[in-house]
Amino acid sequence: MNEIVTFTNAYDIGLFLSAPTTFNLKYALPNKLFEFVQARLAVAIGPSIEMRKIVEKYDCGSRL
């Protein structure tokens, strides 16, 4: 856990795509989103309602 952000920082973009085929996937707010932000990556997300709220509120990524 202590190395996730440091390791991830070597990349350019954090991409999280998941089809909203279930209730849980539609409203997913995975830790990966926060790890991407902490690693200072460009953030791209799919159609998750909760991730979209965070990305739009803090202007920290783009919705695909």
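Reply: Happy to! Contact means heavy atoms within 4.5 Å. This is a predicted model, in which local features need pLDDT of at least 70, side-chain atom pairs count only at pLDDT 80 or more, and totals for chains, interfaces and linings use all residues. Residues are numbered from 1 along each chain as its sequence is written, and side-chain values use heavy atoms, with hydrogens and water left out.

Me: Which residues does Thr-8 touch, not counting residues up to four places away in sequence?

Reply: Thr-8 touches Phe-36, Ala-39 and Leu-41 by that count.

Me: Why is Thr-8 called buried?

Reply: Buried means under 20% relative accessible area, exposed over 50%, and partly exposed in between (1.4 Å probe, protein chains only). Thr-8 has 14%, so Thr-8 is buried.

Me: What does the side chain of Thr-8 reach?

Reply: The side chain of Thr-8 reaches the backbone oxygen of Ile-4 at 2.6 Å.

Me: What are the buried residues of helix 3?

Reply: Leu-33, Glu-35 and Phe-36 are the buried residues of helix 3. They cover an arc of only 165 degrees around the axis, so they sit on the same side of helix 3. The arc is that of the directions from the helix axis to the C-beta atoms. Helices (H or I, at least four residues) and strands (E, at least two) are DSSP runs, numbered from the N terminus.

Me: Which exposed residues does the face of helix 3 turned away from its buried side carry?

Reply: That face carries Asn-31 and Gln-38. Among what covers the buried residues of helix 3 are helix 1 and helix 4 (49-58).

Technical notes: A polar contact is a pair of N or O atoms within 3.5 Å; within protein, one must be able to donate a hydrogen and the other to accept it, and residues adjacent in sequence count only if both atoms are side-chain atoms.
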